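Reader: I would like to go through this model and ask what stands behind the labels put on it. Please set each label against its cut-off.

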Amino acid sequence: MNQKIAAFRKEFPTLEEKFDGRKLVYLDSACTVLKMKCAAQAQSRHMLLLGGCGGKRSMHSLAAAMEEDFYAARSRVAAFMGAPSPEEVIFTAGVTDAANLLANSFPFTPGRNEVVLSPLEHNAVFLPFERLAAAGRIKLRVAPLKDFKIDMAGLGKLIGPRTALVCVTHASNIFGGCEDAAAAAELAHQAGAFLFVDDAQYAPTHGGGGARFGADASAFSGHKIGAPFFTGGLFVKHGLLEKLRPWRVGGGTVESVAVSGGRYSATYLGGRQGFEAGVQNYSGAAGLAAAIGRLDRAGFDNIRDHVSGLVADALEKLEAVKEVRVLGRREDLVDGSLISIAPLKKGFSVPDFNLFLGQQIKGRLIAVRTGRHCADLACLASGYKETIRISFFAYNTTEDTDIFVAALKKYLALLNGR
Ligand SMILES: Cc1ncc(COP(=O)(O)O)c(C=O)c1O
């Protein structure tokens with residue numbers, strides 16, 4: 001293991017914890033990455049030593065210090081996301097929050113009211129648009145799936161002069177690998193539409209995301225990079241930001257309020273300020289900035305190499321198990337951080353196997369994710385109703401995979417009555 005990665009591993013105290021006396025084998029980082037010591041410390045220092053209110057509400061020096069710190073975090077997030085300016089970053093609670101904001105603020109018009117989604121969209125992105133479609137406000141189109149990836153030609157065929165927005169997951173949370181965000185940007189822009197890229201699964205091991213590939217908007221979740229829960233960033237290009245109509249309003253978003261003839265009116269602030277209503281998660285943002293700083297020090301090249309190595313190693317070991325099917329192609333999967341498998345053996349119960357991993361392996365708690373992974377569109381398109389997903393981050397080792405594969409073989413042996 002590369003020295004920087006070995007040092008980085010020490011940031012994650014959960015790895016040293018025991019659960020009911022059992023050591024953790026954590027293969028569920030696609031759900032959430034374990035949290036970094038430096039992020040927790042930055043967050044708690046911020047709460048205990050500052051603890052005031054940012055924004056421009058109060059003008060005393062504690063408030064000024066808070067706002068300065070918050071802006072420093074915004075700049076760090078902007079650099080991480082590849083946003084040209086911190087003014088193009090809106091703090092959010094994660095990708096779910098970001099996608100809801102975008103869907104409900106988007107300037108659909110009668111002539112441009114279609115949204116084209118990839119078939120890999122997480123429910124976090126799919127459902128906010130599905131709601132608008134159900135209310136008759138937009139038309140939703142879902143591109144086809146090919147070899148467990150987005151069928152880009154199929155996506156292109158759905159995009160036309162009525163398309164307002166295209167949404168593409170940069171790295172699928174169910175089938176792994178990475179998607180071609182630059183190609184999606186070209187397809188969207190040729191038709192005069194905007195592109196949103198979901199970087200939830202891409203950002204943790206690649207750094208940043210869609211903004212670097214021509215997206216007009218992109219989002220990531222802090223908890224998936226080892227930062228505090230309920231933190232994250234939404235990048236929105238100036239040209240689009242100006243057109244959005246904030247869906248949540250409140251303190252900090254308004255320039256002035258007036259009354260005339262008994263009628264009140266409000267003038268809202270422009271830009272990203274219009275989208276951060278009420279007090280913000282200032283201490284969370286401090287934790288988020290600390291986590292990004294630590295990831296940068298570990299180096300995304302090192303993280304990527306390490307995780308690709310883990311995926312390649314796991315593929316070899318899983319492909320040798322004939323009673324399961326690895327979903328997706330090797331050349332695609334090594335760019336990602338996870339592998340989904342489906343059982344081929346009759347009598348294999350995925351929920352039972354999950355319990356078996358959690359409870360029946362002596363001295364170990366093997367944490368994986370089974371089920372639909374909130375990727376219902378992908379399940380519908382592929383015909384797979386559930387998968388067993390193992391996902392990696394920089395702290396994993398090939399030994400984690402060995403333990404999982406041994407447990408899988410043990411479960412299969414039990415089914416075979418051996
Ligand atoms: C691809 C993808 N998008 C969006 C989300 C939603 O992220 P959050 O729950 O942090 O808002 C997830 C979470 O698993 C995800 O994997």
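Reader: Which residues have the most contacts inside the largest nonpolar core?

Author: The model is a predicted one. In its largest nonpolar core, which has 117 residues, Val-166 and Leu-195 have the most contacts. Helix 10 gives the most to this core, with nine residues. The core draws at least three residues from each of domain 1 (3-30 + 299-415) and domain 2 (39-296).

Reader: What does Leu-195 touch, leaving out residues up to four places away in sequence?

Author: Leu-195 touches Val-166, Val-168, Ala-184, Ala-185, Ala-188, Ala-215 and Asp-216. A contact here needs C-beta atoms within 7 Å.

Reader: Why is helix 10 called largely enclosed?

Author: Twelve of its 17 residues are buried, so helix 10 is largely enclosed by the rest of the structure. The buried residues include Tyr-282, Ser-283, Gly-284, Leu-288, Ile-292 and Leu-295. The buried residues of helix 10 pack against helix 2 (37-50), helix 3 (61-81), strand 3 (89-91) and helix 11.

Reader: What makes Ile-292 buried?

Author: The cut-off is 20 or more other C-beta atoms within 10 Å. Ile-292 has 25, so it is buried. Ile-292 is placed in helix 10 (residues 282-298). Leaving out residues up to four places away in sequence, Ile-292 touches Arg-76, Val-77 and Phe-80.

Reader: How far is Ile-292 from Val-166, C-alpha to C-alpha?

Author: The separation is 28 Å, and the two residues are 126 residues apart along the chain.

Reader: Why does Cys-374 count as buried?

Author: Cys-374 has 20, so it is buried. With 23 C-beta neighbours inside 10 Å, His-373 counts as buried too. His-373 lies in the loop between strand 17 and helix 14 (376-382), and Cys-374 is found in the loop between strand 17 and helix 14.

Reader: What is the phi of His-373, and what is the phi of Cys-374?

Author: His-373 has a phi near 60 degrees, a positive value in a residue other than glycine. Cys-374 likewise has a positive phi, near 60 degrees, and is a residue other than glycine.

Reader: What makes strand 14 and strand 17 edge strands?

Author: They belong to an open sheet of four strands with the order 14-15-18-17 and antiparallel pairing. Strand 14 (324-326) and strand 17 (369-371) each pair on one side only, and that makes them its edge strands. Neighbouring strands of this sheet are turned by 25 degrees against each other on average, direction ignored.

Reader: How do you know that strand 14 and strand 15 pair?

Author: Pairing needs at least two bridges. Strand 14 and strand 15 (residues 338-343) have three, in the antiparallel sense. Val-326 stands opposite Ile-341 in strand 15.

Reader: Which helix packs on this sheet and touches strand 14, strand 15 and strand 18?

Author: Helix 11 (residues 300-319) does, and its direction makes about 10 degrees with that of strand 15. Helix 13 (residues 350-359) lies across strand 15, strand 17 and strand 18, running at about 165 degrees to strand 17.

Reader: How many bridges join strand 2 and strand 16?

Author: Four bridges join strand 2 (residues 22-26) and strand 16, in the parallel sense. In strand 16, Arg-364 is the bridge partner of Lys-23. Helix 15 (residues 398-415) packs on the sheet, touching strand 2 and strand 16, with its direction at about 95 degrees to that of strand 16.

Reader: Why is strand 13 called hardly covered?

Author: Strand 13 (residues 263-268) has six residues, and the count of buried ones is zero, so the strand is hardly covered. Strand 13 pairs with strand 12 (residues 254-260) in the antiparallel sense over six bridges. Ala-258 stands opposite Ser-265 in strand 13. The hairpin of strand 12 and strand 13 has two residues between the strands, and there Gly-261 takes a positive phi near 60 degrees.

Definitions and conventions. Residues are numbered from 1 along each chain as its sequence is written. This is a predicted model: local features need pLDDT of at least 70, side-chain atom pairs count only at pLDDT 80 or more; totals for chains, interfaces and linings use all residues. Two residues are in contact if their C-beta atoms, placed from the backbone, lie within 7 Å. Axes are lines fitted to C-alpha atoms, for helices over the stretch in contact, and angles run from 0 to 180 degrees between N-to-C directions. A nonpolar core is a set of buried Ala, Val, Leu, Ile, Met, Phe, Trp, Tyr and Cys residues joined through C-beta atoms within 7 Å. Domain bounds come from an automatic or database domain assignment.
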